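The following briefing accompanies the structure shown below.

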Amino acid sequence: MAEPKTQTYANHRRYVPLFHFVLAGVLLANVVITGRHVYYQGLSRHVMWEIVMALALVLIFLFMRAFPVAVQDRVIRLEETLRLQRLAPDLASRASEFTPEQFIGLRFASDEELPALARKVLDERIASRDAIKKMVKSWRGDFLRA
């Protein structure tokens with residue numbers, strides 16, 4: 001998959017078409033088909049098992065995305081804490097004041113922009129990662145995320 005040369009707020013979200021659209025569509029179709037079986041065949045052991053399996057597949061789909069994202073968020077927190085130590089030692093002592101949402105938004109700020117933006121985020125208590133991302137003027141792309 002070719003990566004864009006530059007990343008901005010407008011194009012920073014990552015979609016994997018086979019996962020986000022094809023697999024999600026197949027699982028949704030499976031839930032609909034299972035619902036039709038309940039409607040037309042009534043509840044039997046076989047149909048109950050189809051319901052259980054359809055729900056299990058949906059849960060697998062959700063968790064196989066949620067678990068790596070949770071690990072990624074922890075790595076972002078570590079990376080941004082180390083970056084603050086290097087770029088703004090005075091802010092590094094306040095790293096525990098940042099929420100994971102704030103770190104996730106700040107990761108896109110360039111090295112030059114990070115100290116001032118981080119101070120603003122803490123001082124003004126800006127909590128929304130989306131609001132922080134929109135405040136970034138010099139975007140630092142993240143092409144390696146899960």
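How many aromatic pairs does a search of the whole structure find? The search finds seven, where rings of Phe, Tyr and Trp (its six-membered ring) pair if their centres lie within 6.5 Å. This is a predicted model, in which local features need pLDDT of at least 70 and side-chain atom pairs count only at pLDDT 80 or more, while totals for chains, interfaces and linings use all residues. Residues are numbered from 1 along each chain as its sequence is written, and side-chain values use heavy atoms, leaving out hydrogens and water.

**Aromatic pairs**

- Tyr39 and Tyr40 form an edge-to-face pair, because their ring centres are 5.0 Å apart and their planes lie at 85°; planes over 60 degrees apart count as edge-to-face, under 30 as stacked and the rest as tilted.
- Tyr39 has 66% relative accessibility and therefore counts as exposed, and Tyr40 is likewise exposed, at 59%; the classes are buried (under 20% relative accessible area), exposed (over 50%) and partly exposed (in between), with a 1.4 Å probe and protein chains only.
- Tyr9, Phe108 and Trp139 are linked into a cluster by ring pairs.

**Helix 1**

- Helix 1 covers residues 17-41, and its 25 residues should span 36 Å at 1.5 Å a residue, which agrees with the 34 Å between its end C-alpha atoms; the expected span is 1.5 Å times one less than the number of residues.
- Helices here are DSSP runs (H or I, at least four residues), numbered from the N terminus.
- Phe19, Leu27 and Thr34 are buried in helix 1, and the cover over the buried residues of this helix includes helix 2 (45-87).
- Gly42 follows helix 1 and has a positive phi, near 75°.

**Largest pocket**

- The largest pocket holds about 260 Å³ of space; a pocket is an open set of points on a 1 Å grid over the protein atoms alone, where a 1.4 Å probe fits, with protein on both sides within 12 Å along at least five of seven lines.
- Of its 16 lining residues, Arg65, Gln72, Arg107, Arg129 and Arg145 are the closest to the pocket centre; lining residues have an atom within 4 Å of a point.
- Helix 2 gives the most to this lining, with four residues, and helix 6 (129-135) supplies at least two.

**Gly141**

- Gly141 lies in the segment after helix 6 and counts as partly exposed, at 36% relative accessibility.
- The C-alpha atoms of Gly141 and Asn11 are separated by 10.0 Å, although the two residues are 130 residues apart along the chain.

Note on methods: Contact = heavy atoms within 4.5 Å. Points joined across faces, edges and corners; volume = space filled by probe spheres on them.
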